[in-house]
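Hi everyone, thanks for coming. Let's look at this one together, ring by ring and helix by helix.

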Amino acid sequence: MVTTRRVGRGGTGTSAGLVLLLIGATTAAVGTAGPAAADGDTLPRVSAAPPDDGGCVARSTRSVPGTPWAQQYLAPSRAWEWSRGAGVTVAVLDTGVAGTGTAPLAGRVTAGPDVVGGGRAGDDCIGHGTFVAGLVAGAGAAGGTGFAGVAPDARILSVRVTDGDGVTTAGRIADGIEAAVAGGARVVDVPFALPSGSAALTRAVELAERREVVVVAPAYASGRAGAKASAAAPAAYPAALPQVLAVAGLTPEGVPEETVAPVTAPDLYAPGTSLTGIGPGGGPFTGGGAELATAFVAATAALVDARRPGLPAAALRDRLTATAYPAAGAGAGTVDPAEAVSAPFTPASGTGAAEGRQTAVPDGPGGTGARGGLALSGPPGHRGRATALWVAGAAAGVVVLTAATAFAVPRGRRRRWAAGTR
């Protein structure tokens, strides 16, 4: 907030009015540059557990105007000039995906195997998998919103790894990863964090690495029962395995939702609080947690693969982390879809690099790869944010000039002006 104080009367009304007008414009511009307020507490909430009544999740008929804050924050539409994820398959290992009857995913969901109960994973009684798939590849509005997935032309391979209660195990996830690799997925989203792994899970992740498939998983489980705020989240599997991209969640303020660094160090951050997405039938739901944040990272990997097909899995992971934007108060960066697809690709240097491997060289002053000295909480290049900074700078210059003029021009009475920001 900007405040002004003026002592005396007469003679400075025009200058003060101009300053206030510019300051007001600056405040408005900065307000539009950051993320919108957290979305829809009135929406039905999705989780990996079934509804309390034991039935399937009811279709949402709510309506939420505007664009979800996570979509504003990441601005994936800036990437769509280069890539929309066409031709890339993202496997969602979850409660199933309701492809039929869910318009934002229509025609782009393949029902893979149900590794727990047998059969196919073409429906979703719980809704969690459909929500994740929508964040990855949803196209079109949901309940009047401007919602869209990060990679709206990508395909989804649904693999069910949960039982009827939404519970999974390391063995089930291992079977799901193997099924996803066999089904031609390039990216595998595992939105579960288990307290321990298994030999089978390690082998499945190693298989994915050999087949150049990127695996994404949460760095911690959300809603830890009885956990203290000061306690670090324990190790999470499969994210704790070295070949897996570990993802943590951000709040709408752009800060980590976990106040203490988790034991499994995140490779990337993505929005993870008060998210708006779709459920079975395409209506809007809300949800949160690092489990859902994985969808934004998996989708960005799909954008990059569509832009530069054939990158080794390690190079694709490096691409996402190298182009990430620094997250406030965190060691890892925030996934940045536009930068990931638009930053120059150059051959990797050094020995041992895989043939054809590429790494990103982010744009920066002097060609150093640095992003510059502004510590903003969101991805760079956002037009609203850039405009806000320009207007803020211009207004600040006018304020200084006005203040200097007030002191330089002789007046009958002494007037003082002071400004403060918060």
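Tyr 73 is buried, with a relative accessible area of 2%; buried means under 20% relative accessible area, with exposed over 50% and partly exposed in between, using a 1.4 Å probe and protein chains only. Trp 69 is buried as well, at 0% relative accessibility. A quick word on the source: this is a predicted model, where local features need pLDDT of at least 70, side-chain atom pairs count only at pLDDT 80 or more, and totals for chains, interfaces and linings use all residues. Residues are numbered from 1 along each chain as its sequence is written, and side-chain values use heavy atoms, leaving out hydrogens and water.

Rings of Phe, Tyr and Trp (its six-membered ring) pair if their centres lie within 6.5 Å; planes under 30 degrees apart are stacked, over 60 edge-to-face, and the rest tilted. The rings of Trp 69 and Tyr 73 have centres 5.8 Å apart and planes at 70 degrees, so this pair is edge-to-face. These residues are four apart in helix H2 (residues 69-74), about one helical turn. Helices here are DSSP runs of H or I, at least four residues, and strands are runs of E, at least two, numbered from the N terminus.

Now, charges over rings: NZ of Lys or CZ of Arg must be within 6 Å of the ring centre and within 35 degrees of the ring normal. Arg 84 lies over the face of Trp 80, 5.0 Å from the ring centre. The charged end of Arg 319 sits over the ring of Phe 345, 3.4 Å from its centre.
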